[in-house]
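Take a look at the chains below, then work through the steps with us.

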Amino acid sequence: MTLPTPRAFFQDQFGLDDRSLSAALDTALERRIDYADLFFEYSTQDSVLLEEGIVKTGDRHLEQGVGVRALIGERQGYAHSDDVSVEALQLAARTARAISAEAGAGSRAVVSAAAASRDLYPVAQPPTDATVARKIELVEEIDRYARSRDPRIVEVMASCITQHRQVLVLGSDGTFAEDARPLVRLNVQVIAKSGDRREVGYQGLGGRSGFDALLDAARWQELVDEAVRTALLNLAAEPCPAGSMTVVLGPGWPGVLLHEAVGHGLEGDFNRKKTSAFAGRIGERVAAPGVTVVDDGTLPGRRGSLNVDDEGTRTQRTVLIEDGILRGYLQDRLNARLMGMTPTGNGRRESYAHLPMPRMTNTFMLAGADDPADIVRSVDRGIYAVNFGGGQVDITSGKFVFSASEAYRIEGGRVGAPLKGATLIGNGPDVLTRVSRIGNDLALDRGVGTCGKDGQSVPVGVGMPTIRIDDLTVGGTQG
Amino acid sequence: MSELAGAVELALAAALRAGAAAADAVAVEADSLETRVRGDEIDFVKQARERKLGVRALVHGARGTRSAITSTSDLGESAVRAIAAEAVALARATAEDPAAGLPDDGFADASDLPALELGDPADRNVSAEALIDAARRAERAARAVDPRIENSEGSSAASSFAQIAYASSAGFSGGYAAASHSLFAEPIARANGHMQRDYWMSAARSLTALESPESVGRRAAERALRRLGARSVPTCEVPVIFDPLTAASLWGQLASLVSGYAVYRGTTYLAGKLGEQVASEAVTLTDDACRQAGLGSRPFDGEGLPSRRTAVIERGRLAAYLLDTYSARKVGGRSTGSATRSASSPPGVGATNLGLAPGGASLEDIIADTPRGLLVTELIGMGFNPTTGDYSRGAAGLWIENGEIAHPVEEITIAGNFADMLRGIDAVGSDMLWLSRIGSPSVRVARMTVAGSK
């Protein structure tokens, strides 16, 4: 089955032909502006949530809209509407161009043919088209499996969320891009009870695929097993030590360290404005030799991947740090132009109701040569953190945090007792200079990352091999 | 009937015709204008009109009620009929739940809703130029404070005007208008090659109630400047004072701990603690949906129940959980009128205007009464486990020695258990501040672990 392209979809659904699209851009260009673009979106999202053994409710949401943007110098004028019609488009174009007071040269926009595109996430059927009965069946199966794992599991919550977004981007320079973006996600939370103590275990997985990818029993069973294991482990966790110590981070999701410690600080807007602790440091050492960090939007099927970003720029693999030296920033069109750099395909937005900004896609550290077991053995006293909740960063001071949800004491090179969760805090521009070992076990996360910036949320990925960091502040309670 | 109320009635009728035994619908329309200025240059001007409609369909069965929610941003008649029918079809696929359904009775009187000053009609014509001017004044005021303020993330001003219509087949139909306005400044101070940012803001239901742009800019600059030269401190256990901004985050976490959903799911350590002493006697916390011009006020809740005032903690005793109809049925109580609702989400529980009753001491008095400790002015990260109360967050602030501010601190964490923190509150300030739906004065926790340098 061939799905209609987003371009054909918008033409068919809203009567937007090439002429009305270029007319809207022409309206914006009646004022003196550097660039104008249109962003159309039509998205469907649905979810089912199971708790107490039953799917109590389901939901399904349709969202459509268009955003018109006009840029002049550092200024952006933006108007958006959920009315996708020729009239609404003209009104939005007039509102957006008000950012410029001067008359334009009367240039004409050309709507070009779509560039031949790759598809990093081909699906035979959008995941939102799979029947709700199949989604309910999956979470019910997960519930039964989770409860069968251990008698201490007293409650299970499971949800399945699927999304399909069609976007169309047109720019006054002839940019034309369309993208159909599937996104699926499975969440499992279990509560374990022993005596008076209760603990929660949570795991999720997902990516850009059809619904059927979630049906792989080996994959979701492993997910449930992990959630159960974490909850039971936490029942026995001891208070975490406090203070500066050696920390070994496990592979995969602990890569959220990179996202917070360096990723945000390397976004083009903060560096153009010189508000980032990394501003003006390209070519300088910001990490230990051997540390290479990339942002790659082209990984097939990954949650953070995109065929094109939300300004129509093809995504790419961008080297941020190479062998410890700062090499590049993440750019959207506006900031790349103002900095005399090239857009890197990182101009993203939450929806048509938001302005694009430089954002990460999938950010990870390349593998080193060390055996992960040797890395743990190299530590006399410290902690081994293998799973994390979220993090946050102050890009100006460079201080970042990320919160461990599964961690162990290391004593005499051996993994010891499980520890209660604790927040780790460090300084982005120098934390990676204290990376003393890099494992050969690079892994990406399971596809659950969501990044927030300036009130906008976008799906992202992270990854990392096992690494050892000397002297990181661990926020436990035991002094 | 307004267009919005018409869409809601249409959705209800369509859901019932498609086979729903009961239904409710909510529609929201919002006009918004937002601008940001950085230095002398406009960063952006953003303008929008958004509309959304959500329908909940309920289908009765032998063992309970099935339910589902659908929403759309297309309020055309055919789209509304389609999502109403889809909600019914989706509901039929879910399981029967004895607790699901609309409230049985006790609805607000839609013809006599309380006047809560949720907007000033005079503000409706606010122009982009006026907002740009306000942002520019805040930005200039920040930069005029000190030559070390030489950069910023910008100053922004925003206004939004919303109309909300809600109706249910149980017989309630009502609507209201609500505006919100905000001013925000985030300057950067620089000295000796190091930079520090901070912010200040004002938010209100009317433009005249906002703090002046000059004051917002100046206070933001002062907050950024006082962070210059920050350093870590050795790991220790000390009293920790939360300023009104960071103290408000504690009550935000408390709101999630007393939500009826967390209680019946067993994901809050406060489950089963109603009537018990869970905080020190200095703590009295009230959620008041009727606060005049409050940022969380509304004339009825997300299920059409009347807005009210609920004492959550009284002199340290846990007096009530916050409940909507569903969670009330689950925990065996009555709704506290705490239902939230948006077009795309089912009813849930949320605080409206949650405020800690102020005490008698000024923040200066509390600092003077602290021989050695930490004043927290910013918290980052989400290190809080509501099931166990374990708390560990990144912090920045000011170090106190001999009852005086000694130097700024950063790259530290504060950690403890929320239950011990609440019981350890030994001072509550008089400096009440409302910048959001949560209001608080400064509070001091007798003892927490501060993790820092060696």
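**Exercise 1.** Which residues touch the most other members of the largest nonpolar core?

*Solution.* Begin with the ground rules: this is a predicted model, where local features need pLDDT of at least 70, side-chain atom pairs count only at pLDDT 80 or more, and totals for chains, interfaces and linings use all residues. Residues are numbered from 1 along each chain as its sequence is written, while chains are lettered from A and ligands numbered from 1 in the order in which they are written.

Step 1: recall that a nonpolar core is a set of buried Ala, Val, Leu, Ile, Met, Phe, Trp, Tyr and Cys residues joined through C-beta atoms within 7 Å. Buried means that 20 or more other C-beta atoms lie within 10 Å of the residue's own, with C-beta atoms placed from the backbone.

Step 2: among the 199 residues of the largest core, A:A28, A:V68, A:V247, A:I383, A:V474 and B:L374 touch the most other members. Helix α5 (residues 244–257) of chain B gives the largest share of this core, eight residues; helices here are DSSP runs of H or I, at least four residues, and strands are runs of E, at least two, numbered from the N terminus.

Step 3: another core, of 72 residues, lies apart from it and includes A:V156 and B:I164.

**Exercise 2.** Find how many residues of each chain are in contact with the other chain.

*Solution.* Step 1: contact means C-beta atoms, placed from the backbone, within 7 Å. Step 2: 62 residues of chain A are in contact with 62 residues of chain B. Step 3: strand β2 (residues 54–72) of chain A supplies the largest share of chain A's side, twelve residues.

Conventions. Two residues are in contact if their C-beta atoms, placed from the backbone, lie within 7 Å. A residue is buried if 20 or more other C-beta atoms lie within 10 Å of its own, exposed if 12 or fewer, and partly exposed in between; C-beta atoms are placed from the backbone.
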